[in-house]
Amino acid sequence: MIVVYSIISLFAQKIVPYLGFFPYKELLVEYGLPSWISSFANFDGIHYLLIAKQNYSQWEQAFFPLYPLLIHFIGYIIPNYLVGALFISNISLIIGLVFLNRLLRLWNIKSSWPLFFLLCFPTAFYFGMVYTESLFFMLFVLSLYFLQKKNYWAAGICAALSSSTRLIGIFLLIPFFFHFLTKNEDSSKNVKHATFMLKPVLFSPLLGLFFYMTYLWKTTGDPLFFFNSQPIFGAHRSTHLVFLPQVYYRYLKIFFTANHDFQWYLSFFEMTIFSLMFVILILNLQKTIKHIRMKTTKCIDWSLLGLNLFSFVNLVLPTATGTFSSIPRYALFSLSFFIYLGTIKNTKLKFLILFLFVVLQILILSLFIQGYFVG
């Protein structure tokens with residue numbers, strides 16, 4: 001994927017006017033790479049590189065620690081932190097895709113369409129950037145895969161690491177809980193042992209966040225500093241709870257009163273992606289519940305229900321800060337959306353959706369490379 005992204009980046013610099021205004025962009029020159037590669041660390045990416053190099057500076061605690069820690073440690077092998085970060089992101093993506101394919105097979109989903117929809121999604125290029133998307137994706141998928149295989153130690157470790165990568169990792173509690181509900185359906189001799197193992201692993205998604213909050217409490221005096229520092233990075237986020245209808249009201253007000261500039265189109269894109277995924281997840285939820293009510297229930301149905309509810313939380317929770325900003329990027333982990341698209345029977349429609357996704361991804365990646373934040 002990085003080869004494809006590099007080609008798009010090279011052409012984008014010749015076609016799209018440069019806007020870049022994000023902090024520390026001048027530091028990317030220090031890594032000695034052509035700008036069409038170093039631009040993969042635009043916006044948040046440069047902060048991860050700075051944390052890896054010199055630990056946290058003020059307000060950077062908004063960025064969770066595992067990714068910059070890995071960049072720092074791999075720096076002993078790959079001295080160029082930017083190259084090391086891209087290596088971590090792309091290797092994580094490959095591993096994540098391999099195990100997602102295996103996980104889908106465990107769920108009796110034989111089609112590869114969900115993988116195609118995920119990789120072609122308009123913001124999927126973040127998997128190849130200096131961002132936590134690929135690392136979290138890998139840990140998230142491995143957690144579910146090992147859980148399904150009843151390898152609870154491995155599932156717990158991956159879940160704990162996931163919540164030290166992104167906050168949403170703590171909500172792996174949801175699929176873990178639904179897996180716990182189905183334990184009695186296992187008639188094997190290892191049920192008693194599995195139940196004993198599952199009780200502590202059920203709460204493993206909280207461990208990564210717990211250790212990071214402990215670190216923040218000792219270093220800043222505020223265990224929630226990862227959240228309270230968010231408004232410093234823009235995106236018009238609120239530290240007070242904002243309900244979804246209020247967010248829609250704000251965006252509709254933008255559409256009817258603001259000028260049709262880049263920010264207007266970005267807002268329209270964010271709300272459209274959210275609304276589309278919200279509707280699809282509801283349809284998928286109805287489908288899963290229908291299977292359960294028909295008493296054809298298997299462990300697979302409960303696992304998919306847990307994944308669907310996680311997908312809902314992943315999509316809706318960020319809107320509680322009062323904005324749809326970054327929703328198209330966060331939505332990459334709402335896997336139930338991509339699974340549902342894969343069940344569409346009309347092949348022509350599926351190819352049309354893929355085509356639209358690819359066109360949008362090329363456009364958005366080109367803007368990102370040139371300093372326009374879309375995601």
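**Close-up 1. Arginine over aromatic rings.** In this predicted model, Arg102 holds its charged end over the ring of Phe99, 4.8 Å from the ring centre. Some housekeeping for every view: residues are numbered from 1 along each chain as its sequence is written, and side-chain values use heavy atoms, with hydrogens and water left out. As the model is predicted, local features need pLDDT of at least 70 and side-chain atom pairs count only at pLDDT 80 or more, while totals for chains, interfaces and linings use all residues.

Close-up 2. Three salt bridges turn up in a search of the whole structure; the term asks for a side-chain nitrogen of Lys or Arg within 4 Å of a carboxyl oxygen of Asp or Glu. Glu133 pairs with Arg166, and their closest N and O atoms are 2.9 Å apart. Glu133 belongs to helix H7 and Arg166 to the loop between helix H8 (152-162) and helix H9 (173-181), so this bridge ties together parts that are 33 residues apart in sequence. Helices are DSSP runs (H or I, at least four residues), as are strands (E, at least two), and they are numbered from the N terminus. Glu133 and Arg166 are both buried, a label for under 20% relative accessible area, with exposed meaning over 50% and partly exposed in between (1.4 Å probe, protein chains only). Arg329 comes back here, meeting Glu133 in a salt bridge at 3.1 Å, N to O. Since Arg329 lies in helix H16 (residues 327-330) and Glu133 in helix H7, the pair ties together parts that are 196 residues apart in sequence. Arg329 is buried at a relative accessible area of 5%, and Glu133 is buried at 0%. Shared partners make one network out of Glu133, Arg166 and Arg329.

**Close-up 3. The Lys53–Glu30 bridge.** Lys53 and Glu30 also form a salt bridge, their closest N and O atoms 3.8 Å apart. Lys53 sits in helix H3 (residues 44-54) and Glu30 in the loop between H1 and helix H2 (35-38), so the bridge joins parts that are 23 residues apart in sequence. Glu30 is exposed, its relative accessible area being 54%.

**Close-up 4. Edge-to-face phenylalanines.** The aromatic pairs come to 46, counting rings of Phe, Tyr and Trp (its six-membered ring) with centres within 6.5 Å; planes under 30 degrees apart are stacked, over 60 edge-to-face and the rest tilted. Phe121 and Phe337 make an edge-to-face pair, 6.1 Å centre to centre with 75° between the planes. Phe121 is in the loop between helix H6 (113-120) and helix H7 (133-148) and Phe337 in helix H17 (residues 335-342), so parts 216 residues apart in sequence get tied together. Phe121 is buried at 1% relative accessibility, and Phe337 is buried at 1%. Phe337 also pairs edge-to-face with Phe338, with ring centres 5.1 Å apart and planes at 80°. Phe338 is buried, again at 1% relative accessibility.

**Close-up 5. A cluster of rings.** Ring pairs link Tyr248, Tyr251, Phe255, Trp264, Tyr265, Phe268, Phe274, Phe278, Phe312 and Phe324 into a cluster.

Close-up 6. Ile7 sits in helix H1 (residues 2-15) and is partly exposed at 46% relative accessibility.

Close-up 7. Ser204 is found in the loop between helix H10 (191-201) and helix H11 (207-220), buried at 5% relative accessibility. Neighbours within four places in sequence aside, Ser204 is in contact (heavy atoms within 4.5 Å) with Gly156, Ala159, Ala160 and Phe176. Val358, in helix H18 (residues 347-369), is partly exposed with a relative accessible area of 32%. Val358 and Phe117 are 241 residues apart in sequence, yet 9.4 Å apart in space, C-alpha to C-alpha.

Technical notes: A charge sits over a ring if NZ of Lys or CZ of Arg is within 6 Å of the ring centre and within 35 degrees of the ring normal.
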